[in-house]
Amino acid sequence: MRHKSSAYCPPPSAYWWLKALFSIMGIRRKGRELALQALYQMEMTGDASPASLELFLGHFEGNPKARDFARRLVQGVVNQRQEIDRIIEQCAEHWRLKRMAKVDLTILRMATYELLFCPDIPLNVSLDEAIEIGKRYGSGDSATFINGVLDQVAQASGMKQSSGG
């Protein structure tokens, strides 16, 4: 015989807001992954033109909101690249951009863009997403490296307080 709990458990339909949240997160994760791939392609080919981005995005079916978010990230990184690269290099102690793995650098650029230029995206979301994407697409050390650099970016930009006393 099953034990009946006296705690109230709402019906699954009561979790509509949770489903909506996960749907948004899924769309944005897919958008970030598309942006990573597009920015990586641009890095390797040297073609960061809007036509190159549209050609790339045109090859992917799926949610138009994910493509729109990817487009937002790619255009932002391309337009703010000098500032983003300056900050990353300043925050990545003993690392020059040329020595960084291209995937890690691309993830750092996207996340730094989000941190500095996307006030609608919470700090922890940008950090967590970058780390998770680093785990999926980078090397074994990517997540730790990305976390360390982005923590410094967040502190340098005043978004995060230093943990040191």
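## Helix α4 and its neighbours

The buried residues of α4 pack against α3 (64-79), α5 (102-117) and α7 (142-156), with contact meaning heavy atoms within 4.5 Å. Helices here are DSSP runs (H or I, at least four residues), numbered from the N terminus. This is a predicted model, so local features need pLDDT of at least 70 and side-chain atom pairs 80 or more, while totals for chains, interfaces and linings use all residues. Residues are numbered from 1 along each chain, and side-chain values use heavy atoms, leaving out hydrogens and water.

Which residues of α4 (81-91) are buried? They're I84, D85, I87, I88 and C91, where buried is under 20% relative accessible area, exposed over 50% and partly exposed in between (1.4 Å probe, protein chains only). They sit on the same side of α4 because they cover an arc of only 165° around the axis, taken from the directions from the helix axis to the C-beta atoms.

## Cysteines

There are zero disulfides, going by cysteine sulfur atoms within 2.5 Å. C91 is buried at 7% relative accessibility, and C118 is buried at 1%.

## Rings

The whole structure has three aromatic pairs, meaning Phe, Tyr or Trp rings (six-membered ring for Trp) with centres within 6.5 Å; planes under 30 degrees apart are stacked, over 60 edge-to-face, the rest tilted. Y113 and F117 have ring centres 5.5 Å apart and planes at 25°, so they count as stacked. They're four residues apart in α5, about one helical turn. Y113 is buried at 10%, whereas F117 is partly exposed at 31%.

Methods. Helix = DSSP H or I, 4+ residues; strand = E, 2+ residues; numbered from the N terminus.
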